[in-house]
Amino acid sequence: ICTAVAEAVEAQCSDNVLLTPTIWLGASAHHLRFGATLDSQLDTYISTLYEVARSLLDDDFKRLLFLNGHGGNVDPLRVALRSVQLEFPDSLLIGGSYWSTSTDLLANTLEGDHKGMGHACEVETSLILHLRPELVDTSDLADAGHLVPDVMDGLFVSRDMMQRTARGCTGRPDLASAEKGATLFNGIVENVVAVVNKARTEPLGTEYSDLSSDA
């Protein structure tokens with residue numbers, strides 16, 4: 001999904017965007033107990049992102065966007081960018097998940113009670129039904145049931161997916177459709193394009209006075 005979003009964004013911004021190959025291996029330890037999972041340890045993943053960023057920034061690229069497609073990558077992605085920023089403080093370093101650009105779109109499109117991104121949920125299943133419908137076993141789609149939370153009174157609780165969900169998925173994949181997937185995909189691409197265009201005009205610098213109009 002993330003590759004498809006990135007390629008669609010590049011197609012709309014081809015004069016201004018250089019798209020690198022997708023980093024397919026991510027931080028997926030919280031899925032390991034379900035089996036058939038490939039996982040990058042956190043330090044390895046952080047180092048991989050750091051090295052990709054450093055390679056580009058050493059070649060005088062100044063604006064870098066890591067577009068993420070997996071929830072387990074979010075925390076190490078931020079750590080990687082924090083590390084890179086120490087070495088390249090005059091560059092614009094952006095990173096986050098494609099769905100984070102479109103929280104209102106998700107909430108307004110989804111029918112189930114879960115109004116955001118989960119795992120093999122109404123969002124992801126709809127997007128795959130739109131992009132690669134042959135990959136979806138529609139006979140196995142069902143309500144995922146209760147999701148054990150990973151937050152307690154505002155604090156993070158570390159639980160893997162075996163502890164959080166009975167089926168391995170979340171939300172209401174049974175409510176997914178290709179039509180919803182098209183709506184979500186087109187809206188997400190539009191929103192990421194807007195971020196890219198904004199990033200291209202964002203000022204660069206190492207001081208508050210370089211970046212703030214109030215300076």
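Me: Buried means under 20% relative accessible area, exposed means over 50%, and partly exposed lies in between, for a 1.4 Å probe and protein chains only. Is Arg200 buried, exposed or partly exposed?

Reply: This is a predicted model, in which local features need pLDDT of at least 70, side-chain atom pairs count only at pLDDT 80 or more, and totals for chains, interfaces and linings use all residues. Residues are numbered from 1 along each chain as its sequence is written, and side-chain values use heavy atoms, with hydrogens and water left out. The relative accessibility of Arg200 is 39%, so this residue counts as partly exposed.

Me: Which residues does Arg200 contact, leaving aside its neighbours within four places in sequence?

Reply: Arg200 is placed in helix α7, where helices (H or I, at least four residues) and strands (E, at least two) are DSSP runs numbered from the N terminus. Contact means heavy atoms within 4.5 Å. With neighbours within four places in sequence set aside, the contacts of Arg200 are with Asn16 and Arg63.

Me: Is Lys198 buried or exposed?

Reply: Lys198 also has its place in helix α7. Its C-alpha lies 20 Å from that of Phe88, a residue 110 places away in sequence. The relative accessibility of Lys198 is 57%, and therefore this residue counts as exposed.

Me: What kind of pair do the rings of Tyr98 and Trp99 form?

Reply: Rings of Phe, Tyr and Trp (its six-membered ring) pair if their centres lie within 6.5 Å; planes under 30 degrees apart count as stacked, over 60 as edge-to-face and the rest as tilted. The whole structure holds 1 aromatic pair, and both Tyr98 and Trp99 are buried. Their ring centres are 5.0 Å apart and their planes stand at 85 degrees, so the pair is edge-to-face.

Me: How many disulfides does the structure hold?

Reply: A disulfide is a pair of cysteine sulfur atoms within 2.5 Å. The closest cysteine sulfur to that of Cys2 is in Cys121, 14 Å away, which is too far for a bond. For Cys169, the nearest cysteine sulfur is again that of Cys121, at 8.8 Å, and Cys169 is in no disulfide. The number of disulfides in the structure is 0.

Me: In which sense do strands β1 and β2 pair?

Reply: Two strands pair if DSSP finds at least two bridges between them. Between β1 (residues 63–68) and β2 (residues 92–97) there are 6 bridges, and Leu64 stands opposite Leu93. The sense of this pairing is parallel.

Me: What is the handedness of the β-α-β unit made by β1, helix α3 and β2?

Reply: A crossover is right-handed if, with the strands pointing away from the viewer, the path from the first strand over the helix to the second runs clockwise. Here the helix is α3, residues 74–87. The unit formed by β1, α3 and β2 is right-handed.

Me: What is the relative accessible area of Ser91?

Reply: Ser91 has its place in the loop between α3 and β2. Beyond its neighbours within four places in sequence, Ser91 is in contact with Leu57, Phe61, Lys62 and Leu204. Ser91 is buried, and its relative accessible area is 11%.

Me: What is the relative accessible area of Ser97?

Reply: Ser97 lies in strand β2. Leaving aside neighbours within four places in sequence, its contacts are Leu67, Asn68 and Val74. Ser97 is buried, with a relative accessible area of 5%.
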